[in-house]
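Here's a quick look at one chain, taken a piece at a time. Keep the structure open and follow along.

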Amino acid sequence: MAGNTRMAPVTKYSISALPLPPPSKLLIHNLTPDTATPSVSAFKYTLQNNPSIQRRARIIAPQSHYSHVSPFPLPFPYEIEPPEVIPDDFDKQEYVEQWLSEREALKPRGPPTPADADGNESLEKRYPAKRENPMELLGLSETGLRDCLPHLDVGDAFEILGNPSLLGEPESQVQREEDSKAVAARQELVDVLGGHALLISSDNSDGSFAPWSLRYSGHQFGNWAGQLGDGRAISIPQGGGRTPFSRGADGLAVVRSSIREYLCAEVLRERRESACIVTRVAPSFLRLGSFEALNPPVEFDLEALRVLGEWVANQSAKRNARMVAGWQAYGWMHGVINTDNVSVLGLTIDYGGLFALKALLNALAPLVGAEAELGGKAVSAGWSKDVEKISICGMRKRLGLRAAGEKDGALWCSPACDDGGPEADFHLTFRHLTAFRPGTASTDSFPSMLRRDTAQKRWRDWLEKFAAPRSANPRFVLRQWVLEEVGRRILSKVMQTAEELDAETREERRFCGVGDKKMFGFQCSCSS
């Protein structure tokens with residue numbers, strides 16, 4: 001019987017028809033909203049009558065965890081042309097509000113999709129009256145769809161993107177007859193994830209849903225930064241325009257940094273650049289800074305801290321230790337693991353020490369203390385030692401150590417640090433070691449970046465202890481020079497290169513190298 005078992009076909013939904021989680025699982029039904037948009041109905045009224053309040057940088061109420069915001073991907077400052085004839089009673093503020101409202105996504109388009117067999121109602125699609133954003137689909141993650149959204153109907157998106165190629169040359173497309181349903185599903189996906197259309201509960205719906213941006217604070221490079229928040233992220237689109245947390249920025253994202261974030265999730269010159277929106281998928285976007293926002297140096301709100309603390313799980317420290325250790329083991333220090341960039345689930349949610357975990361502990365101290373007074377359990381003793389063990393584990397795996405030793409850290413650092421010149425590449429050194437055998441080694445066997453005259457004996461003695469496995473030292477790691485070259489046609493192909501391929505082409509080998517020397521030491525800001 002088992003051999004005849006067939007997988008049931010997966011029901012596909014357009015993005016507006018995807019079933020919503022029950023209210024008990026939705027953040028907006030369990031945490032405290034911005035007092036300016038305390039409900040979905042109030043949010044709709046704000047978009048119609050006072051939209052500037054969501055496009056203006058401001059400090060929201062201390063007890064608030066989030067604010068309802070809709071995408072608005074326009075360059076800032078907004079180019080608002082005055083009327084040709086200015087009347088005597090001209091109200092400048094009213095004119096600005098009207099200009100913004102006409103470009104907010106307020107107009108329903110098309111008939112509402114009927115409820116499915118389980119009674120789930122579709123969200124309403126709303127479009128702006130006077131805003132047209134030319135959009136182009138650059139990439140779509142097959143693994144993201146498979147692992148996170150298997151029910152999402154993307155229509156003919158992959159046919160439009162075409163076959164990936166490292167050479168960057170378009171392949172001849174076979175003429176095909178367009179499927180109107182597939183085209184509609186793909187266009188709806190692009191409209192929503194590109195920030196042109198808004199998904200929101202209809203006025204007659206029993207449910208209540210609207211997009212939001214999270215409030216959080218954080219320590220950046222050891223200094224308290226105050227209120228930060230999602231300055232360019234609105235639920236899942238990132239780069240969708242200004243929010244109350246945008247400060248002096250426009251809330252948009254350039255293509256270059258968006259490609260970097262997209263590729264990182266899978267595995268500077270002054271110039272005018274096109275804007276880009278990345279769709280992010282994760283179980284949660286709550287950060288350590290979400291807690292810090294409620295217990296800052298001044299104006300804390302412990303009741304709001306309690307509400308958030310009960311909403312999230314309590315495994316943050318060990319999960320984040322594993323995440324940071326993974327970055328450290330591959331020489332990619334992440335660079336911006338500030339508390340506003342660290343997920344409570346130990347996920348890498350932004351790209352660019354474990355100080356963040358200490359900051360989380362400080363932020364939660366009143367809550368932990370209160371639980372202790374009630375006889376509850378706080379963070380267990382010795383958790384910091386667990387963090388250290390987790391960090392060492394990643395390097396031990398790279399070197400093929402079968403048993404743990406107290407001096408492991410000193411052993412792996414000694415020859416690598418002393419004999420590697422300034423041009424030694426951290427990752428390729430480990431990659432070369434996977435094929436290195438002390439018994440047959442000659443001077444030519446050593447990686448070209450090492451100082452051969454001093455390294456040979458030390459490395460031979462050292463390598464007697466280790467056997468670096470290829471499974472822990474992959475052929476391809478994402479490098480800055482690759483990100484600078486990548487465009488639409490080769491985006492998907494670069495993602496494929498992370499796998500061990502049977503046939504290595506000349507271009508694939510180039511992408512697995514260190515790149516041009518001018519990219520050595522390239523530094524990025526935390527926003528890119």
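## Around H65

Leaving aside neighbours within four places in sequence, H65 is in contact with L31, T32, L214, R215, L294, A304, V307 and L308. Bear in mind that this is a predicted model.

Where does H65 lie? You'll find H65 in the loop between α1 (40-49) and β1 (66-68). Its relative accessible area is 5%, and since buried means under 20%, H65 counts as buried.

## The three-stranded sheet

Next up is an open sheet of three strands, in the order β2-β3-β4, with antiparallel pairing. Because β2 (105-108) and β4 (198-200) stand at the edges with a single partner strand each, one side of each has no neighbour in the sheet. From one strand to the next, the twist averages 50°.

Zoom in on β3 (residues 124-128) and β4, and you'll see antiparallel pairing over three bridges. Here K125 stands opposite L199 in β4.

## The β6-β7 hairpin

Now for the hairpin: β6 and β7 form it with two residues between them. In the turn, F221 has a positive phi of about 55°. The pairing of β6 with β7 (residues 223-227) is antiparallel and runs over three bridges. As for S217, its bridge partner in β7 is Q227.

Which residues of β6 (residues 217-220) point which way? S217 and H219 go one way, while G218 and Q220 go the other, and all are buried. In a regular strand, side chains alternate between the two faces of the sheet.

Technical notes. Residues numbered from 1 in each chain as written. Predicted model: local features only at pLDDT ≥ 70, side-chain atom pairs only at ≥ 80, totals over all residues. Heavy atoms only, no water. Buried < 20%, exposed > 50% of the residue type's maximum accessible area, 1.4 Å probe, protein only. Helix = DSSP H or I, 4+ residues; strand = E, 2+ residues; numbered from the N terminus. Pairing = 2+ DSSP bridges. Contact = heavy atoms within 4.5 Å. Axes fitted to C-alpha atoms, helices over the stretch in contact; angles between N-to-C directions.
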